[in-house]
Amino acid sequence: MSRTPADTSDIATVSALPSADAPPRHRWWILVVVGLAQLMVVLDATIVNIALPSAQKDLGFSDGDRQWVVTAYALAFGSLLLLGGRIGDLFGRKMTFLVGLVGFAGTSAVGGAATSFEMLVVARAGQGLFGALLAPAALSLLTTTFTDPKERAKAFGVFGAIAGAGGAVGLLLGGVLTEYLDWRWTLYVNLAFAAVAFVGGVLLLQRTTRDKSASLDIPGAILVGGGLFCLVYGFSNAESHDWSSPQTWGFLIAGAVLLAVFTWWQTRAAHPLLPLRVLLDRNRGASFISVLITGAGMFGVFLFLTYYLQRSLGYTPVKTGLAFLPMVAGLMLASTLASTVLIPRIGPKTIVPLGMGLAAAAMVWLTGLDLNSSYATNIMPPLVVAGLGLGLVMAPAMSLATAGVGAEDAGVASASVNTMQQVGGSLGTALLNTLFSSAVTNYLDGKNAADPVVQAKAGLEGYSTAYWWSAAFFAVGLVISVVLYRRGVPTQDPDAVPVVHM
């Protein structure tokens, strides 16, 4: 959701340095092709959110299940990003890029044609899987296509703008497609994006040589993917099975054990997915945790506020998408200000906690929304504050998460940042949706659940609970960022090449 001008790759492990040969003649058209693929991947994280109430009504799934439509994509995407980068190194980036496009389009078509909740969730997970192939390959191709430093800076600037605006485009496009066509078109639209990018990729992209030294850490991928799935599934099961059920705590314990084994394995693997030296610096560790917490809180806002606006206030999908724009504007403004002015002068130890505090305050502010709240006075102000807070956190955290790493770790550090954001979104959505459902159930206990007014008030109780817990997430993030970030202005490598984050 944000971009930082001080990094070089967002999700890819780029193992080969740019070629010294003459740059491709059609390199700016290649930027268009790669940028289109990036836009498709980024906007898919938000485009379905606006359509989710319509999809839920059409397919008839429960409030407890709806989070999996969001989580399946984010979890598959986040947990496979590191592996996707290594696959691009091993099998060639052009081939990986084209396979990712075809797979993403195919799974989008399956999702659009879904006749059941299960079919939709499987399709969304497939989108995440192929997105994890596509996105790292796109970044690697951009790095190897633009070899001139000045041209590369311009190319990454355009690419970063696409990454930053993708969330807003997804919200608006999702609203338009849902309202004037059907929710299924929020998935079908990817076929048009993918078709244009595929033709351009076949015609313009040069075949890259494989890195024969690259090796896939299959045990590591299985351990981290299984661990993350168990954690998310355990949190989601708390809604239907209660916290005391083995279906809940059993999966949570299994997830923790698998992630602990993954950590141990990374110290033994010859080609680890995530070398632990990347996490040991205080500023980088603080940045990873900040991105994880912000992802959890941010995804929750999108999900629950979407339902509040459409179900409680009767907003149309288009109006809902427009309602989020002030938040996106605040996020982009604060992100730019933090990257260019505040961090170089003040440092992260003040700025990131300030952002966490603003985000927490915005969540508390949102708990006061009711069935008569006005957009201009009750909804837009906390959205703007939330956007400013998120921008003050995301830009510095994403930048500092890759600052100071060795050249051999730059790609994996950048990939890890985006993994943290997507995994945070998965865990946060699962936990908040469980807490929402529990609050609604408790409110309805002993009341006439068939009464529309009672149902509406129960929904407000659930939304308020989710916002309070989001505020708690950000409060914890405030404390952690104050403790972990070093004092002073971080030093920057003057020769660093810009990196774009999802």
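Predicted model: local features only at pLDDT ≥ 70, side-chain atom pairs only at ≥ 80, totals over all residues.

Reader: How is a pair of aromatic rings described?

Author: A pair of aromatic rings is described by the distance of the centres and the angle of the planes. The structure holds nine aromatic pairs. In one of them, Tyr73 and Phe77, the ring centres are 5.8 Å apart and the planes stand at 10°. Planes under 30 degrees apart count as stacked, so this pair is stacked.

Reader: Where do Tyr73 and Phe77 lie in the chain?

Author: Both belong to helix α3, which covers residues 63–91. They are four residues apart, about one turn of the helix. Phe77 is buried, at 1% relative accessibility.

Reader: Which type of pair do Tyr73 and Phe104 form?

Author: Tyr73 and Phe104 form an edge-to-face pair, with 6.5 Å from centre to centre and 90° between the planes. This pair links distant parts of the chain, since Tyr73 is in helix α3 while Phe104 is in helix α4 (residues 93–112), 31 residues apart. Phe104 is buried, with a relative accessible area of 0%.

Reader: Which residues do ring pairs link into a cluster?

Author: The cluster consists of Phe304, Tyr308, Phe436 and Tyr463, linked by ring pairs.

Reader: What lies over the face of Tyr315?

Author: Lys319 does, at 4.3 Å from the ring centre. Likewise, the charged end of Lys447 sits over the ring of Tyr443, 4.4 Å from its centre.

Notes
Residues numbered from 1 in each chain as written. Heavy atoms only, no water. Phe/Tyr/Trp six-rings, centres within 6.5 Å; stacked < 30°, edge-to-face > 60°. Helix = DSSP H or I, 4+ residues; strand = E, 2+ residues; numbered from the N terminus. Buried < 20%, exposed > 50% of the residue type's maximum accessible area, 1.4 Å probe, protein only. Lys NZ or Arg CZ within 6 Å of the ring centre and 35° of its normal.
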